[in-house]
Amino acid sequence: MVRSLGLVAIIFTLVACAAEPLPEVPVNAPAPAGAILRVALENNPLSIDPRFVRDDEGEQIVDALFDPLVRLDGGFRIVPAAAESWDIDDTGLRYTFTLRKATFHDGSPVTAQDFVRAFNGITDGTSTPRSYLEYLLRDVAGITNAQRFGTPLSGVRALDPQTLEITLRRPRAAFLELLTDPSLAPIPAAAENDPESFALAPIGNGPFQMVGVYEPGAFIRLARNTDHHMPPQIDEVIFTIFANDPTREAQWRAFTDGQIHVAYVPPQRRSEAIRRFGMVAGGDRSHGVVTDLTSAVYLYVIDVQTPPFTDVRARQALSLAIDRELLAAEVMGGTRVAATSYLPPSLPGALTSPCSHCTPDSARARELFADAVAATEADPDLILNLLHPLGAVHTLIAERLASMIEQSLPITVRFRAIDYSTLANQQEQFAWSAFRLGWRSNVTDAAEYLEPLFGGSLADGDSLLGQDESVFDEPLILNRGIKSALIRQFLYQQLERELLEEAIVLPILWYRHERIIATDLADAHISPFGRLNLSEISMQTSS
């Protein structure tokens, strides 16, 4: 992942290769009952402790080891998980959850206090290490003092061992869905008593439990939790961590040799993989290459403080100079899709028509740009500075963007790779005209794409645009409190169209999964959020 419901950029780092040979299990042969499911991970998870998850790999492991209060099913419906029922009061601010009788993997009971412990740990701004996930609970009462002083959240209380109460400081109709994030899971007391051991072998309450400890560079082994309220179909999962394999060729060989069942497809093997194994699209639960869109979007943020980009016409001109289809096809080899809005089509509520400046038009771009330069009296010898994260893919995209813009507009484009955390924390130290931002959500609500970018007060002054976004606050605040999901969705669509026309943030590309699933798996599905549904997968057996 790299997480980004609000505050973390998506920076994909390709790594790989197992530390030792894998046993050969023919991937196309029927698997006996109790067979081991082998899944490739591209990187060492930065953490498998729910409080400190920062990437897709860690989130997949946490999703298997822990149950949050509620989950999203395959149809984006909220279903019970650790909570068996809940009640929301008439104000929409107080949520009361009744927990099911359950235990952690060490046999200790799961109680409401375990959720209090987890949520306080996530929001404690004075803790070391500090969680990056406090934005998930930004609407809970007491969040400000928790972040500043490390005080417990006043809005999270254990009324008794089986009853958890959460009180919000402001309306958030989609808050229940936000609680489906895998990171918002209960944490046993053992995590505080021995945090080092917990980090390597978390004790969860989910459908799978750790076997041994996490070995970076090697594997993570999970076993079926038979005491779970919905025990998985498979007995064991081994996540094999691939290192030093930026081309994914080691994964490809392991998959075609029958050593792993789920792997990432090398971009250079995409056509071959589709030809040999077929393509899975449209959310089908089947085997083959999964090409569905994820919930991630590749963006460029424009500096609106410097002429001529203070004028919306100059910003739209930049967008019109970009051929997104060419970027997706030629630079990314079909592994990305031209983005024409913020919310990807993989999620409900996505716009069905592109923004007015998302289709290339050099003539129109030059016309708009000339008008903006004249109106703002901008320097005619304009230099556009693009900042992007470290990484070969980001550099390739920046190079092509620069070429496209220079061909269409009288601009000199320079681009520079920089560590994203440095940019986010010290943005004012750099001469930038645009910087790349990755965005993705673990929920379907459009607010998780729009608020962190455009909602200055809703982001508590920590919006990533680095400017005054107060003009967008009023509609965002209005929308978030509307209880009807359909009405809220309609209003967010209207607002997204308006924000797109402002062209402060340009959508560039949407991501595809680009993973391959073996033929002997049944009911395998990868959600738009990038997680394999381990609890539902079964392996074909001989008749």
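Predicted model: local features only at pLDDT ≥ 70, side-chain atom pairs only at ≥ 80, totals over all residues.

Me: What makes the crossing of α15 and α16 left-handed or right-handed?

Reply: α15 passes α16 in a left-handed crossing. Residues are numbered from 1 along each chain as its sequence is written, and side-chain values use heavy atoms, with hydrogens and water left out.

Me: How do you know where those helices are, and at what angle do they cross?

Reply: α15 covers residues 473–480 and α16 covers residues 485–502; their axes come within 9 Å and cross at roughly 165°. Because the cut-offs are under 35 degrees for roughly parallel, over 145 for roughly antiparallel, 65 to 115 for roughly perpendicular and oblique for the rest, α15 is roughly antiparallel to α16. Each axis is a line fitted to C-alpha atoms, for helices over the stretch in contact, and angles run from 0 to 180 degrees between N-to-C directions. The helices themselves are DSSP runs (H or I, at least four residues), as are strands (E, at least two), numbered from the N terminus.

Me: Which residues of α15 and α16 meet?

Reply: Pro475, Leu476, Asn479 and Arg480 of α15 meet Arg488, Leu491, Tyr492 and Leu495 of α16, where contact means heavy atoms within 4.5 Å. Sorted by class, that contact of α15 with α16 has five nonpolar, one polar and two charged residues. Nonpolar takes in Ala, Val, Leu, Ile, Met, Phe, Trp, Tyr, Cys and Pro; charged is Asp, Glu, Lys and Arg; polar is the others, Gly among them.

Me: How do α9 and α11 pack, and at what angle?

Reply: Their axes are 8 Å apart and the angle is about 155°. That value puts α9 and α11 in the roughly antiparallel class. The crossing of α9 and α11 is left-handed. α9 contributes Arg313, Ala314, Gln316, Ala317 and Leu320, and α11 (residues 362–376) contributes Ser362, Arg364, Ala365, Leu368, Phe369, Asp371, Ala372 and Ala375. The contact of α9 with α11 divides into eight nonpolar, two polar and three charged residues.

Me: Why is valine 312 called partly exposed?

Reply: Its relative accessible area is 30%. Buried means under 20%, exposed over 50%, and partly exposed in between (1.4 Å probe, protein chains only). With 30%, valine 312 therefore counts as partly exposed. Valine 312 belongs to α9 (residues 312–320) and touches Glu501 and Glu502, leaving out residues up to four places away in sequence. The C-alpha atoms of valine 312 and leucine 368 are separated by 9.0 Å, although these residues are 56 apart along the chain.

Me: What makes aspartate 63 buried or exposed?

Reply: Its relative accessibility is 13%, so aspartate 63 counts as buried. Aspartate 63 sits in α1 (residues 56–65). Beyond its neighbours within four places in sequence, aspartate 63 is in contact with Arg71, Pro182, Pro207 and Arg531.

Me: How do you know which class serine 286 falls in?

Reply: Serine 286 has a relative accessible area of 30%, so it is partly exposed. Serine 286 lies in the loop between β12 (279–280) and β13 (288–290). Not counting residues up to four places away, serine 286 touches Val280, Ile517 and Ala524.

Me: Where are cis peptide bonds found, and what are their omega values?

Reply: One runs from threonine 128 to proline 129, with omega near 0°. Another joins proline 307 and proline 308, with omega about 5°. Proline 308 is in the loop between β14 (293–302) and α9.

Me: And how much of the chain is buried?

Reply: Buried residues make up 57% of the 543 residues, in a chain with 16 helices and 22 strands.

Note on methods: Left-handed = near helix turned anticlockwise from the far one by under 90°.
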